[in-house]
Amino acid sequence: MEWKKTETIDWHNLGFNYLKCDFSYISYYQNGQWDQGFLTESDKILISASSTCIHYGQQAFEGLKAYRKKDGSIHVFRPFENAKRMNQSCRRLLMPEVPEEKFLEAIKMVVQANSHFVPPYESKATLYIRPYIIGVGDNLGLRASSDYLFGVFVSPVGRYYKGEIKPVKYIVSEYDRAAPRGTGGVKVGGNYASSLYPCKLAKEEGYMDCIYLDPETHTKIEEVGAANFFAITPDYTLVTPKSPSILPSITKKSILEIAREMLKMNVEEREIYINELDMFCEAGACGTALGITPIGGIFYQDKLHIFHSETEVGPITKKLYEILNAIQFGDIASPNGWMLDI
């Protein structure tokens, strides 16, 4: 096995951009069953022009990361949760589920084969892992495909937003991310395609991204761009929105557990009305790509609501960030079952 040389990679200045690694993974579903799957040196796939993933949006994906620990070993953060969430997406879009053991084995194979692309511990960069499943084959009518492709590719990445952790500002969007009782609660591409235009508008007005309200009443906070929202009250309570239209973030789930078990905070998952912003002293966005990003302010109805500060990270958000990163990079012991050693 001849590996691509990585000496020229500036690990400390990686952005969140795609860099081809040596191997990716492919598996096909045909005649009602998955094949064994294999590694390939190509990052290209060849599919029929009539594939359902192209015309009818029959596709789903996941995102997770591998981390280099101080001793040089590698582990992956909570892949078991990603395996479960991908299958929730598959069930919603009438795609065959990927057995959890197959999902995890694919992750192991790809990370091991590309282990030299896992950034060094000191860089605090990571290896981003993208599993995906798409409907393929010759199709024309509006129906679920009979053939599917499950793949995994990886890329070393830095922080989604470059530089040190710092507060960013968001604006409430008049657009919807997902339809009521639609696919907002699963990780499918259509949710992200519909967010591109509102995000562009937000950036043009000087904001990092936009806040989406619930699609039915436009009164409750749902998601922050492509991430989940959380807020902190003065009485030491961490609050996060609850809605069937919200993607169940694995990072958010982890933050809730850290807040409850390690920081002994009160934790609430409930509806959060946009007119409640004054009751929060800190707020943030969280997700696999985003990590934990503090929200300095939210612009709504001609007013910028400022939380802890526009320039400084709030103390509780900072603590959550530090603990989560310490767990992910192996500096402190993780809760049981969180990490998969490679």
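Colleague: Which residues does Asn 228 touch, not counting those up to four places away in sequence?

Modeller: Glu 223, Ile 246, Leu 247, Ser 249, Lys 252, Gly 284, Ala 285 and Cys 286. Contact here means heavy atoms within 4.5 Å. Bear in mind that this is a predicted model, where local features need pLDDT of at least 70, side-chain atom pairs count only at pLDDT 80 or more, and totals for chains, interfaces and linings use all residues. Residues are numbered from 1 along each chain as its sequence is written, and side-chain values use heavy atoms, leaving out hydrogens and water.

Colleague: Why is Asn 228 called buried?

Modeller: Its relative accessible area is 3%. Buried means under 20%, exposed over 50% and partly exposed in between, with a 1.4 Å probe and protein chains only. So Asn 228 counts as buried.

Colleague: What does the side chain of Asn 228 reach at 3.2 Å?

Modeller: The backbone oxygen of Leu 247. A polar contact is a pair of N or O atoms within 3.5 Å; within protein, one must be able to donate a hydrogen and the other to accept it, and residues adjacent in sequence count only if both atoms are side-chain atoms. The backbone nitrogen of Ser 249 lies 3.5 Å from a polar atom of that Asn 228 side chain.

Colleague: How do you know that E5 and E6 pair?

Modeller: Three bridges join E5 (residues 64–68) to E6 (residues 74–77), running antiparallel. Pairing takes at least two bridges found by DSSP, so they qualify. Strands are DSSP runs (E, at least two residues), numbered from the N terminus.

Note on methods. Helix = DSSP H or I, 4+ residues; strand = E, 2+ residues; numbered from the N terminus.
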